[in-house]
Amino acid sequence: MKKHISLLLISVLILLSGCGMTVTKVENTTADRQNITTSTTSSETNSTAVKSASAGKTISTTKSVKTTTATIISGGTITTAHSTKPSKVTTTKKQGKTVTCKIEIECKTILKNLDNLRPEKKAFLPKDGYILKATTVSVAEGSTVFDVLKLVCKQNTCPEKCTYCRKSGIQLEYVYTPGYDSEYIRGIHQLYEKDCGTQSGWMYSVNGVFPNYGVNKYTVKNGDDIKFRYTCNGLGEDLGANFMG
C-alpha cells in the first residue's frame with residue numbers, strides 16, 4: 001500500500017510541475033497520512049506557510065499564478081480543491097487632499113530706503129516693489145510655507161521678467177540650521193539680507209501674523225494668506241510685525 005501511495009505522490013508532483021507551478025511539499029512522519037499542498041495567488045503576492053507536526057518546521061512558498069490544493073490520504077482517496085484562473089483586478093489611485101492658499105512676495109520698503117541699498121542690487125528691484133503679486137496656489141495637505149515658496153518661485157517670473165527669471169524662475173536662496181531644524185530665507189530675486197542696511201532681510205507672515213519660527217515649521221491651511229516681505233530694520237517694525245509664539 002505504501003508503495004502505491006508513493007507512486008501516486010510522484011505522479012501528482014509531476015503533473016503539477018508540468019503546469020509550471022510552485023509546489024510546497026510537507027511530509028508528515030505519521031504512517032497513515034501524507035499531504036501535498038500547492039498554493040499560489042493571481043493578483044498579488046501571497047505566502048503560504050505549512051507547519052510540520054513532527055519536525056516543527058515552517059516552509060513557505062510564494063508564486064503568482066493560480067491556486068490548486070491536492071491532499072492524498074492513505075487508502076487511495078484523493079481530494080482536490082478548486083483551481084481557478086486569476087481574475088483581473090483594477091486599482092484606482094486616490095488623489096491626495098490639497099489645500100489652497102495665497103502668497104505674494106514684495107520688497108516695497110526698499111523703495112523708501114534706496115540710499116541704503118547696495119548699488120549693484122538696484123537692477124533687481126521691481127519698480128512697484130512686487131516680485132510676485134498675490135497668487136493662488138494649491139498644494140498637498142501637510143505642505144509648509146517653505147514648500148509653497150519654493151513652488152511659486154519655480155513656476156513664476158518677476159514682473160520685469162529679468163534674464164534669470166525667464167530661464168529659471170524667481171531666484172531663491174535659503175540655509176538650513178540643524179540646531180533648530182529650521183530653514184532660513186537668505187535671498188529672493190537676488191535681494192539678500194543686509195543688502196539694504198545691516199539689519200535688513202526677509203520676513204514672512206501668515207494671515208497678518210509673523211511667526212517666530214522657520215518657514216518649514218508652519219503647515220499651510222486652507223485660505224491662508226502668506227506674504228514674504230523685505231524689512232529694512234531687522235525686527236520688521238516697518239512691516240508692522242507682531243510676532244506669534
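Me: How do the residues lining the largest pocket divide into nonpolar, polar and charged?
Reply: Bear in mind that this is a predicted model. The lining has 12 nonpolar, 9 polar and 2 charged residues.

Me: And which residues lie nearest the centre of that pocket?
Reply: Tyr184, Trp202, Pro211, Tyr213 and Gly214, out of 23 lining residues. The elements giving two or more residues to the lining are strand 10 (182-188), strand 12 (201-206), strand 13 (210-211) and strand 14 (225-231).

Me: What volume does the largest pocket have?
Reply: About 510 Å³.

Me: Switching topic: how many disulfides does a search of the whole structure find?
Reply: The search comes back with 0. Cys107 is in none, and its nearest cysteine sulfur, in Cys232, sits 9.0 Å away.

Me: Are Cys107 and Cys232 buried or exposed?
Reply: Cys107 is buried, at 0% relative accessible area. Cys232 counts as buried too, with 14%.

Me: OK, Asp224 next. Where is its place?
Reply: Asp224 is in the loop between strand 13 and strand 14. Asp224 still counts as buried, because its relative accessibility is 3%, and the cut-off is under 20%.

Me: What lies 2.8 Å from a polar atom of the Asp224 side chain?
Reply: The backbone nitrogen of Lys221. Further along the sequence, Asp224 touches residues including Thr100, Cys101, Lys102 and Tyr218.

Conventions
Residues numbered from 1 in each chain as written. Predicted model: local features only at pLDDT ≥ 70, side-chain atom pairs only at ≥ 80, totals over all residues. Heavy atoms only, no water. 1 Å grid on protein atoms, 1.4 Å probe; cavity = no way out; pocket = protein on both sides within 12 Å on 5 of 7 lines; lining within 4 Å. Points joined across faces, edges and corners; volume = space filled by probe spheres on them. Helix = DSSP H or I, 4+ residues; strand = E, 2+ residues; numbered from the N terminus. Nonpolar A, V, L, I, M, F, W, Y, C, P; charged D, E, K, R; others polar. Disulfide = S-S within 2.5 Å. Buried < 20%, exposed > 50% of the residue type's maximum accessible area, 1.4 Å probe, protein only. Polar contact = N/O pair within 3.5 Å; in protein donor to acceptor, adjacent residues only side chain to side chain. Contact = heavy atoms within 4.5 Å. Lists of a residue's contacts leave out its neighbours within four places in sequence.
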